[in-house]
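Below is a briefing on ligand surroundings in one model. Look at the structure, then read the points by topic.

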Amino acid sequence: MPDMSPKKTPMPEQDPNVRNKNFDEVSLGYTLEMAKAEASRCLNCKNHPCVSGCPVNIQIPDFIAQIVKGDLDEAYRIITKTSSLPAVCGRVCPQESQCESKCVRGIKTESVGIGRLERFVADYHMSQNADNVVKPEPNGHKAAVIGSGPSGLTCAGTLAKLGYEVTVFEAFHIAGGVLMYGIPEFRLPKAIVQREIEELKALGVDIKTNMVIGKILSIDELFEDGYEAVYVGTGAGLPNFMGIEGEGLIGVYSANEFLTRINLMKAYKEEYDTPINKPKRVAVVGGGNVAMDAARSALRLGAQSVSIVYRRSEEEMPARKEEIMHAKAEGVEFRVLQNPIKIIGDDNGNVIGLECVEMELQEPDASGRRRPIAKAGSNFILDVDSVIIAIGNAPNPLIHRTTPGLESNPKGCIVVDDETLATTKDAVYAGGDAVTGAATVIKAMGAGRKAAKSIDNMIKSKQL
Ligand code: FAD
Ligand code: SF4
Ligand code: SF4
């Protein structure tokens, strides 16, 4: 009989006043007992609506049923039939708007904690040091993947399982994309990302780092080197700025740069000599997950005050509710309906303030969100020494500028066929943030998987 408790089994986490001073993971994960309790809330519905909410269609009730039975290896096997990064997704997927939003338990009470259970199974697998990867028989075909974010890695893993010889070309010195340089350690420990990448390498995927495609090699040269298909998963790493006065001052960062210095260059560790202006009074502009990550990281670097400045109301914030809650509990101040108009500097070019205006909301615009407009005469100055800008990212134009025949739209996103993810260039496929603009890990993975199937179909059709 299922357990009809209305609430999810709580997951232990670090105390907010302790965790806001360290970079250790905030959520601590379920024990076996907690996982079994949560798994027994699942009704094992025949038409399993939760599966349709998962962009990679994990067979959710099947893996949950294995947790109830205590067969965690089988649960892991079921999850990894369609997902190559379960420890990552169990942590950072916006479950509340995906699989869990479709769970029937969620109609009257809290949905089953699908993400928490997925994380539990993946962590259990890692804790067992299980080395059960079976390298598939080679099929004699070669494919190249550009970018080692979740999209590129998923495409590579799916193709490798089909027997392809896959090489991933990554611009950075380390693989993982935003999972490594964007999402902070306290939400997604980097050792976990690297463990999942090791599993892909064990499947035979070769990852070549420090390889900027478009500079060191072009896509056409990859074909000359014998690759029969190319997948472009280069993400959206080019930060947007507001275009206001003072954005060039010392103490102004894009969230990407700030988080990269912390995540990849370990600015939070004394023994690393990373150039970062350790801020004391910080304004983070934006209301998405990236803004929350930057604000919470600034607190952990020792800032005395950190404010989120967002031009709409909290209701319109795109960040996950859980992240907003965590940020508030840790001491981040929320300044909603406020918009920066100028960053103020001193004679040495250092930030000393942020001039803002108060905003009010009008009727919804084309995006469906209520349009903010400035209140006349409402200007005020925030006393800050750093401003972190987190108002979105666009794809880097390098690939499409160096690849004849590859079309992009006016926003710089690569144009693809929705069904196959084929681009306008023969045998080149693309997906993830490079196609959609900034989105989510699991959507990027879904695209990687879909493109791998299209590549396989294309190569098989050429053999007929
Ligand atoms: P990326 O992860 O950006 O990977 C692209 C890779 O391609 C990078 O490694 C890059 O170095 C490489 N590359 C680029 N150009 C080249 C080139 N020319 N040659 C070779 N390599 C190249 N999503 C969630 O679901 N949940 C979250 O909680 C969440 N939090 C986020 C927090 C932050 C701070 C950020 C920035 C994003 C967050 N996202 C979150 C969004 C999510 O991380 C992205 O949607 C996802 O990583 C996109 O995957 P991708 O593989 O398309 O691109
Ligand atoms: Fe849910 Fe994400 Fe796991 Fe799919 S991958 S089941 S959407 S948590
Ligand atoms: Fe279980 Fe919810 Fe999926 Fe039903 S919808 S099978 S209760 S997770």
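A residue counts as near a molecule if one of its heavy atoms lies within 4 Å of it. On that basis, 36 residues surround ligand 1. The model is predicted: local features need pLDDT of at least 70, side-chain atom pairs count only at pLDDT 80 or more, and totals for chains, interfaces and linings use all residues. Residues are numbered from 1 along each chain as its sequence is written, chains are lettered from A and ligands numbered from 1 in the order written, and side-chain values use heavy atoms, without hydrogens and water.

- The closest residues are Val 92, Glu 170, Arg 187, Ile 213 and Val 441.
- An oxygen atom of ligand 1 lies 2.9 Å from a polar backbone atom of Ser 151, within the polar-contact cut-off (a pair of N or O atoms within 3.5 Å).
- For a nitrogen atom of ligand 1, a polar backbone atom of Ala 171 is 3.1 Å away.
- Thr 440 places a backbone N or O atom 3.3 Å from an oxygen atom of ligand 1.
- Ligand 1 alone exposes 1000 Å², and the protein buries 94% of that (Shrake-Rupley method, 1.4 Å probe).

**Ligand 1: shell make-up**
- Helix 14 gives the most to the shell, with three residues (helices are DSSP runs of H or I, at least four residues).
- Elements giving two or more residues include helix 9 (150-161) and helix 18 (441-463).
- The shell divides into 20 nonpolar, twelve polar and four charged residues.

**Ligand 3**
- Its surroundings include Cys 42, Cys 45, Cys 50, Cys 103 and Arg 105.
- The shell around ligand 3 has nine nonpolar, one polar and one charged residues.

Definitions and conventions: A polar contact is a pair of N or O atoms within 3.5 Å; within protein, one must be able to donate a hydrogen and the other to accept it, and residues adjacent in sequence count only if both atoms are side-chain atoms. Ala, Val, Leu, Ile, Met, Phe, Trp, Tyr, Cys and Pro count as nonpolar, Asp, Glu, Lys and Arg as charged, and the others, Gly among them, as polar.
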